[in-house]
There are 2 protein chains.
Amino acid sequence: MIYEEPTVLNLAVPVKKALSIPASITPLADHTARELAKVNDLILSRTGSEVALIPEVANHLISSGGKRLRPMLTLAMAMLNGYRGDAHVKLAASVEFMHTATLLHDDVVDESDLRRGRKTARIVWGNQASVLVGDFLLGQAFRMMVEAGFMDALDILSSAATVIAEGEVMQLATAKNLATDEKAYLTVTAAKTAELFAAACEVGPAIAGRGAAERRACRVFGMALGQAFQLIDDALDYGGRSEEIGKNVGDDFREGKITLPVVIAFERGDKEEREFWRRAMESGDLREGDLERAIAILRRHGAIDATTARAARFAQDAHEALSIYPDGEMRRALAQAVDFAVERNR
Amino acid sequence: MIYEEPTVLNLAVPVKKALSIPASITPLADHTARELAKVNDLILSRTGSEVALIPEVANHLISSGGKRLRPMLTLAMAMLNGYRGDAHVKLAASVEFMHTATLLHDDVVDESDLRRGRKTARIVWGNQASVLVGDFLLGQAFRMMVEAGFMDALDILSSAATVIAEGEVMQLATAKNLATDEKAYLTVTAAKTAELFAAACEVGPAIAGRGAAERRACRVFGMALGQAFQLIDDALDYGGRSEEIGKNVGDDFREGKITLPVVIAFERGDKEEREFWRRAMESGDLREGDLERAIAILRRHGAIDATTARAARFAQDAHEALSIYPDGEMRRALAQAVDFAVERNR
């Protein structure tokens, strides 16, 4: 499962008034608000097609929520690196389209019924439309990149497209396989989730004409932030560090997705616990009370805390990557977004 | 259904020795043989991935046949327009990857079990792998386009990617809908099939630095050739003009795909025949002997001949488009490929 932001930002609501954005991501949203409004306009116009089903399916997902974190990162990184043109708007919209295309295909691959609390496009319009509208959005993403006119950005984002697909295929192999260790798991998340964050960030210095050091710093920042997000998402899927078991918990467990909390608990578990994980996740033989038992085992072994600690180390890497830039509002906004990524796990 | 060439060219067999290539496409294959060998090497190397499933799925389809007609067109058009560099090889491989990605997704969308006489990837490895490996190949296609370094070619091919997806979505709407008329049908085939032929041809003059007249001529040639191919394919699916009903006939009929022969026969049919088409194709209530009855009705109304005649008009358009080029071996080879497109319907 690709990381999905839990809060909702309606397309029609100006970013500044969207009070549902958590506090620490607000500075980033504020500093990119004007450009993000242009990105949203572009997204709406580029889902247009004479084929009515295309905007219908695309907008079902695009306007259903999501904080536009990835395009915000493209805008912020371009600005942090002193970019003065308009191309970052098209590239940010491209990044969001790549993300949306991945989600449409992901829901088909995972046979998911719900996303962001709504029926998935494949449930409403079928797998066929989800696959094909995903392809359309991917095509539109590349068209906008071409219009932006930077060969470096095209290079970064087309490479990301292949890496993301590789990560998704890798995930097919690790799913329902408890032999997955932490290293193998983080290799999958780096490709399927964090790569798009990394690419979204790297295009900023690339179009600003900055050198290898800045491109590397922004890429490392995005990669680390993406990994932190994914790990916290994995922890939240088992209720995070909260004592209560909330709603929307247990999706990964029910789908047999081996995530870091389970990898850790399986490694630390005794014979009986390992039998439990194998039955529930590898064989998919789920019984009443299994989720509660899984969460109890995860807590007993400190697997949620260990996952959160791993995310915090990635967050630290992200902070360090920013250190080549002088202190300023945009750098601070990016740093606060990193803290938000980890601290929502409360 | 996307047009699929019926003959087989094994990747390991040098093009000149592949005697199964029909006579009239041989000149085109001969004149592009050296470059096509490079395209095949590139294709093999770019399906490579550390994720073992990716080359496995990709090569199942890529090395299973197909005459590489689309990449051959890119090579031929670049050479016809006096291009002297290496970029046409990468662009030709990109075109073949776009085509392969479309086929992988198409088989998922159509729930097809067989292609080129072999089990489809989705039957062997599942829909998940087919969707994701298609995405991977699309990403690799764009990476090769970026490496080729021509913004014009990127523009042409990324636009084609969106048009193809639009065509596939349009087809979802026309499938099982007997209200489809000839114009609506040809709009779908122009997008889903002929657009890639048109784009494959247009990149030739674009990278050779030729002007709008040449780009337009090559694009019109590809579009007309693609339409002719698709219509003949539609006719062959009902046995073409042969008196006998061969093997591999009736796929479109069984899948409820309304193609031009059926559009024509439905328009020319009486009340009883229209009821038959509605029952068999819209309701999918297929009975013993229905295919034979369908073919008999198509022949009674001359629907196969009318479809072939429409294809011949497209072929004429393709020939005329070539007329801006002076007579020469490559122009003649391209003209012979057009004749092959129509004449295989015997």
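In chain A of this predicted model, confidence is lowest in strand β1 (residues 114–115), with a mean pLDDT of 74, and highest in α4(A), at 98. The average pLDDT of chain A is 89, and 90% of the residues score at least 70. For the complex, the predictor gives an ipTM of 0.89 and a pTM of 0.90.

The secondary structure of chain A comprises 16 helices and 2 strands. Along the principal axes, the C-alpha atoms of chain A fill a box of roughly 60 × 50 × 35 Å. The radius of gyration of chain A is 20 Å, in agreement with the value near 20 Å that a compact globule of 346 residues would have. Of these 346 residues, 55% count as buried. Contacts between residues at least 6 apart in sequence were also examined in chain A: 75% of them join residues at least 24 apart.

Chain A is superposed on chain B by a rotation of 180 degrees with 0.0 Å of shift along the axis, at an RMSD of 0.0 Å. The two copies are therefore related as by a two-fold rotation axis. The same surface serves both copies, in that 100% of the contact residues of chain A recur in chain B.

At the interface, 34 residues of chain A are in contact with 34 residues of chain B. Four helices of chain A, namely α3 (53–62), α5 (87–110), α7 (127–148) and α8 (151–174), each supply at least two residues of the side that touches chain B. The largest share of that side, 14 residues, comes from α8(A). By class, the side of chain A that touches chain B consists of 21 nonpolar, 8 polar and 5 charged residues.

The buried residues of α3(A) are Ile54(A), Val57(A), Ala58(A), His60(A), Leu61(A) and Ile62(A). Within chain A, the buried residues of α3(A) pack against α2 (33–46), α5, α6 (121–125) and α7. Their packing partners also include α8 (151–174) of chain B.

The loop between α3 and α4 (69–80) of chain A contains Arg68(A). Although Arg68(A) is not a glycine, its phi is positive, at about 60 degrees. Most residues other than glycine have a negative phi. With 26 C-beta neighbours inside 10 Å, against a threshold of 20 or more, Arg68(A) counts as buried. The corresponding position in the other chain was examined likewise. Arg68(B) is placed in the loop between α3 (53–62) and α4 (69–80) of chain B, and its phi is near 60 degrees, again a positive value in a residue other than glycine. Arg68(B) is buried, with 26 other C-beta atoms within 10 Å.

Helix α15(B) was considered next. At 1.5 Å a residue, the 19 residues of α15(B) should span 27 Å, and the end C-alpha atoms are 27 Å apart, in agreement with this expectation. Buried positions in α15(B) include Ala303(B), Ile304(B), Ala306(B), Thr307(B), Thr308(B), Arg310(B) and Ala311(B). Further along α15(B), Phe314(B), Ala315(B), Ala318(B) and Ala321(B) are likewise buried. The buried residues of α15(B) pack against α10 (212–236), α12 (260–268), α14 (290–300) and α16 (329–343) of chain B.

Arg313(B) also lies in helix α15 (residues 303–321) of chain B. With 13 C-beta neighbours inside 10 Å, however, Arg313(B) counts as partly exposed, since the exposed class requires 12 or fewer and the buried class 20 or more.

In chain A, the loop between α15 (303–321) and α16 (329–343) contains Pro326(A). Pro326(A) is exposed, with 6 other C-beta atoms within 10 Å. Pro326(A) and Ile207(A) lie 119 residues apart in sequence, with a C-alpha to C-alpha distance of 20 Å.

Methods
Residues numbered from 1 in each chain as written. Chains lettered and ligands numbered in written order. Predicted model: local features only at pLDDT ≥ 70, side-chain atom pairs only at ≥ 80, totals over all residues. Least-squares fit on C-alpha atoms with pLDDT ≥ 70 in both. Contact = placed C-beta atoms within 7 Å. Rg over C-alpha atoms; globule rule 2.2 N^0.38 Å. Nonpolar A, V, L, I, M, F, W, Y, C, P; charged D, E, K, R; others polar. pLDDT = per-residue confidence, 0-100. Expected span 1.5 Å × (residues − 1).
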